Amino acid sequence: MELIEGLKKINYVKPGDVPNIDLYMDQVTTFMDKHLESSKRYSEDKLLTKTMINNYTKNNLLPSPEKKKYSKDHMYLLIFIYYMKNILSISDIQSILTPLTEKFFEGDSKLSLEEIYEEIFRQGNEISMTVSKDVVRKYQKSKDAFPEMDGQKDHDFLQMFSFVCMLCFDVYMKKQMIEKIIDDHFTEKPEKEKEAKEKSKEHSKEKDKSTK
């Protein structure tokens, strides 16, 4: 129950929390530290540094700031990056965020990045209770593990080990699923690129023949 209560206390950046004005780098890092402080494991942990943000820009995860200022859309992308980087590689995050940025970053699309973030936030709130219940089920299952152990201390250790392994396996399976989805839907496969090039060559040859 302490674990569940701890999950409930984790702060998330609500859509209405993001300032309507553009921010300088120091203001961005201060904002993130303030709103995501509860997700730190240790008090000295850095959530988001200037170096991190600059690296995200260099790796094309984040558009360059306008006159050293970051817009609301920059902030939403940074929040997505913050959560994804704990699970996915930089290249995978790039595969996911590049089309999102191209279609919705400060553009004239019917949907804004703010509206997209609001919907993702709403969905996250809806499944938080389901996640908590699943954690409780895994914990209860771990209590049934290793019944042959007589010593209370050893039994408690193996129970917690079983619980951690179940949580790890859950994360591992979901990570595998995420990577498969990225490969299938967010990454242009080499085979497709090759086919496209071959079709382009054939089209060029036919065009040359018709011209001659």
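These are my notebook entries on what I looked up in this predicted model.

**Ground rules**

I number residues from 1 along each chain as its sequence is written, and my side-chain values use heavy atoms, with hydrogens and water left out. Since the model is predicted, local features need pLDDT of at least 70 and side-chain atom pairs count only at pLDDT 80 or more, while totals for chains, interfaces and linings use all residues.

**Entry 1: the overall chain**

I began with the secondary structure, and the protein chain has eight helices and two strands. Here helices (H or I, at least four residues) and strands (E, at least two) are DSSP runs, numbered from the N terminus. Along the sequence I read the pattern α-β-α-α-β-α-α-α-α-α. I then looked up burial: 27% of the 212 residues of the protein chain count as buried. Buried means under 20% relative accessible area, exposed means over 50%, and partly exposed is in between (1.4 Å probe, protein chains only). Next came contacts, meaning heavy atoms within 4.5 Å. Among those between residues at least 6 apart in sequence, 63% join residues at least 24 apart.

**Entry 2: H2 and H3**

Two packed helices are described by the angle between their axes and the distance between the axes. Axes are lines fitted to C-alpha atoms, for helices over the stretch in contact, and angles run from 0 to 180 degrees between N-to-C directions. How do helix H2 (residues 25-35) and helix H3 (residues 50-58) cross? I found that their axes come within 10 Å and cross at roughly 110°. H2 and H3 are therefore roughly perpendicular to each other. My scale: under 35 degrees is roughly parallel, over 145 roughly antiparallel, 65 to 115 roughly perpendicular, and the rest oblique. The crossing of H2 with H3 is right-handed. Handedness goes by the near helix: turned clockwise from the far one by less than a right angle is right-handed, anticlockwise is left-handed. On the H2 side I noted Met25, Asp26, Val28 and Thr29, which meet Lys50, Ile53 and Asn54 of H3.

**Entry 3: H5 and H7**

Asp92, Ser95, Ile96 and Pro99 of H5 meet Glu179, Ile182 and Phe186 of H7.

Is lysine 72 buried or exposed? Lysine 72 sits in helix H4 (residues 72-84) and counts as buried, at 16% relative accessibility. Leaving aside neighbours within four places in sequence, lysine 72 contacts Val18, Pro19, Asn20 and Glu114.

Glutamate 106 lies in the loop between H5 and helix H6 (113-143). Its relative accessible area is 49%, so glutamate 106 is partly exposed. Not counting residues up to four places away in sequence, glutamate 106 touches Ser71, Asp73 and His74.

A disulfide is a covalent bond between the sulfur atoms of two cysteines. I searched the whole structure and got zero, counting a pair of cysteine sulfur atoms within 2.5 Å. Cysteine 165 is partly exposed at 34% relative accessibility, and cysteine 168 is partly exposed at 45%.
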